[in-house]
Amino acid sequence: MCAHFFNARLDAPSIEPGNPIRMRSGKYTSVVGEVLDWNPPYRYSHSFKFTNLDDPYCKVTYELKEVETGTELTLINEGVPVATKTANYMAQGGEFITQTLKDVIETGKPSFKHRFILTMISMTAFMTPKKCLSENWGFDRKDEPLNF
C-alpha cells in the first residue's frame, strides 16, 4: 500500500510498456491504465482512467531528476478532459501525491492532515460504487483504444 497513492497499490503483470496497470485498495480498483514508458529510475508514464467515471483516458508521467540539493520530482498530467470530474480529481490528487511522497521520504510517514484523509478514505470505502470492484477490472479488459 502506498500512502501517496491514496493507500492503493500498483498491480501489474509487468511494468514494461504495453502492460496493463491497476491501482487497487482492498477489493476495489480505483484507476486503470497501461504502461507507456518505463525508464527507471528517471521516468514512468502510464495512461490513466478513474473506474468510477466515464471520462476518457489521460496520461500521467513521473519524472525524477538529480539536482544539487537532492532529487526533483515532476508530475505531468496530459490529455485531462477539461471541466470534468477527472480534471478536478487530478488537480487535487497531484498535490496530495507529491506532498505525501515528500513527507514519507523526509519523515517516514504522511503528515497528520494526509493521514486523516487516508483514514477517512478507508472509513468510507463501503460507499464505493460496485462498478469499481476489482473483479470488474481484470487485466484482460480493454475499454477503448489508448491514443498516447
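A quick word on the ground rules. Residues are numbered from 1 along each chain as its sequence is written. Because the model is predicted, local features need pLDDT of at least 70 and side-chain atom pairs count only at pLDDT 80 or more, while totals for chains, interfaces and linings use all residues; side-chain values use heavy atoms, with hydrogens and water left out.

Let's start with helix 1, residues 85-107. Helices here are DSSP runs of H or I with at least four residues, strands are runs of E with at least two, and both are numbered from the N terminus. Helix 1 has 23 residues and spans 32 Å from its first C-alpha to its last, close to the expected 33 Å. That expected span is 1.5 Å times one less than the number of residues. Just after the helix, glycine 108 has a positive phi of about 90 degrees.

Which residues of helix 1 are buried? They are Thr86, Met90, Gly93, Gly94, Phe96, Ile97, Thr100 and Asp103. Buried means under 20% relative accessible area, exposed means over 50%, and partly exposed is in between, using a 1.4 Å probe and protein chains only. The buried residues pack against strand 4 (43-50), strand 5 (58-67), strand 6 (70-78) and helix 2 (112-123).

Now to the charges. Side chains of opposite charge can pair when their charged atoms come close. We call it a salt bridge when a side-chain nitrogen of Lys or Arg is within 4 Å of a carboxyl oxygen of Asp or Glu, and the count here comes to 7. Aspartate 11 pairs with arginine 9 at 3.4 Å, N to O, and also with arginine 24 at 3.5 Å. Arginine 24 sits in strand 2 (residues 20-25) and aspartate 11 in strand 1 (residues 9-11), so this pair ties together parts that are 13 residues apart in sequence. Arginine 24 counts as buried because its relative accessibility is 11%, whereas arginine 9, at 33%, is partly exposed.

Another bridge joins lysine 59 and glutamate 78, with the closest N and O atoms 3.8 Å apart. Lysine 59 is in strand 5 and glutamate 78 in strand 6, 19 residues apart.

Next, the largest pocket, with a volume of about 1,100 Å³. Of its 36 lining residues, Phe6, Ser30, Phe50, Tyr89 and Ile121 are the closest to its centre. Which element gives the largest share of the lining? That is helix 1, with 9 residues. By type, the lining divides into 20 nonpolar, 15 polar and 1 charged. For a pocket, think of a 1 Å grid over the protein atoms alone: it is an open set of points where a 1.4 Å probe fits, with protein on both sides within 12 Å along at least five of seven lines, and lining residues have an atom within 4 Å of a point. Grid points are joined across faces, edges and corners, and the volume is the space filled by probe spheres set on the points. Ala, Val, Leu, Ile, Met, Phe, Trp, Tyr, Cys and Pro count as nonpolar, Asp, Glu, Lys and Arg as charged, and the others, Gly among them, as polar.

Threonine 29, in strand 3, is buried at 0% relative accessibility. Its contacts, meaning heavy atoms within 4.5 Å, include Arg22, Thr51 and Trp137. Serine 14, in the loop between strand 1 and strand 2, is partly exposed at 26%.

Note on methods:
Lists of a residue's contacts leave out its neighbours within four places in sequence.
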